[in-house]
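Visitor: I would like to learn how to read a few features of this model. Please take them one by one.

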Amino acid sequence: MNLWEETLREQLARLEREGRLRSLVPVSRAVDPVLERDGRSLINLSSNNYLGLANHPELMEAAQKGARRGAGATASRLIVGHDEETERLEQEIAAFKETEAALVFGSGYTANMGVLSALLQRGDAVFSDKWNHASIIDGIRLSRATLFRYRHQDMDHLEAQLRQAEKKGIRRKLIVTDTVFSMDGDVACLHDLVALKERYDAALMVDEAHGGGVFGPYGEGVTHHMGLAGKVDLHMGTFSKAFGVVGAYVAGSRTWISYLVNTCRPFIYTTALPPVVIEMIRTSLRLVREAGDRRTALHRKATRFRNRLKALGFNVGPSETQIVPLIVGDVHATVKLSQSLMESGVLAVPIRPPTVPEGTARLRFSLMATHTDEHLETVIDAIERAARTEGVTIHD
């Protein structure tokens, strides 16, 4: 056994001892509220298919239509040019977000990493909520800008850091935040962030990955829901969650988007999205705009689910969205609870450090508009029974 094989095996064994070893599991019907895994039917509380659009018949028809223009894009957009439908899509995204321009990416991770590493430079300051997504953190690391990581939702801490940056003479300052935090399901203090941005002459970038499609009159996102869209300099969002497809976008002024076209390395050096995906995203954008009933159903179900867990004494953290955590604390107890739920026909994946801070391991429930009330009642009964049977002590 060579050195690489030996050390990799040791590290995997350590992860297993710590209850953190992950593995890939094949499933079928993952787009449905009930999926098939290891030959069993499980109520799916681990999907980001919030509006239940991922298996919409119109998306399947759109894929067939797009495939008639070719299977692949053949090159990056700055080399061969792009599908005309891509240009139409970006115009539609800009109209949807009420910005001058928009740019499509292959994934949310690529968009955040590429945009932040392109915009920020050595000598700039970036202010990032401690619980922002990993793609934001990685983009900042690549940028070489000075990082100020403020305590989660702590505006006093953020303002102190903004003052600190001013004292250092840093001129270009960027605040970046998720609008819906993916591990706790809480919503960013956007009114306060906008006020601080204006007070300290900073720019504001938001990640609407979990807010897009779900919030806003037509699913535009949390910034529209709060009436703050015009106060944000750069909007980022994904098409892989509520939109039910794949890909991501950034939207802002023509200047910002043109700068990214010329400097964002993951955009410049990546083959463009294929016509099939572009056609599906265009269709999903229309479906999301028309999905008012699904948004209403999702919010109603999430509120009821969260309140039922609270009434049973479980710690659901600061959740106020379709993402509802059940914070257990201990990693092994969390895994045990997840396994017990699976035995009862419920899929709720354990979320463990380093994805969440030490001591806050949890089950994360992601609700879908297409869950029935009976599904959710079954899940609540199973949670109560599993916690009691396994002797799991709920962290509060």
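Visitor: What covers the buried residues of α8?

Guide: First, the basis: this is a predicted model, in which local features need pLDDT of at least 70, side-chain atom pairs count only at pLDDT 80 or more, and totals for chains, interfaces and linings use all residues. Residues are numbered from 1 along each chain as its sequence is written, and side-chain values use heavy atoms, with hydrogens and water left out. Helices (H or I, at least four residues) and strands (E, at least two) are DSSP runs, numbered from the N terminus. Contact means heavy atoms within 4.5 Å. For α8, the cover includes β6 (146–150), α7 (155–167), β7 (173–178), β8 (203–207) and α9 (222–225).

Visitor: Which residues of α8 are buried?

Guide: Buried means under 20% relative accessible area (1.4 Å probe, protein chains only). In α8, residues 190–199, these are L190, L193, V194, L196 and K197. The arc is that of the directions from the helix axis to the C-beta atoms. Here the arc is only 165°, so these residues lie on the same side of α8.

Visitor: What follows α8?

Guide: D201 follows, with a positive phi near 55°.

Visitor: In what order do the strands of the open sheet with β14 run?

Guide: Two strands pair if DSSP finds at least two bridges between them. The three strands are ordered β11-β14-β13, with antiparallel pairing. β11 (323–329) and β13 (350–351) are at the edges with a single partner strand each, so one side of each has no neighbour in the sheet. Two antiparallel bridges join β13 to β14 (residues 361–366), and I351 is opposite R362 in β14.

Notes
Buried < 20%, exposed > 50% of the residue type's maximum accessible area, 1.4 Å probe, protein only.
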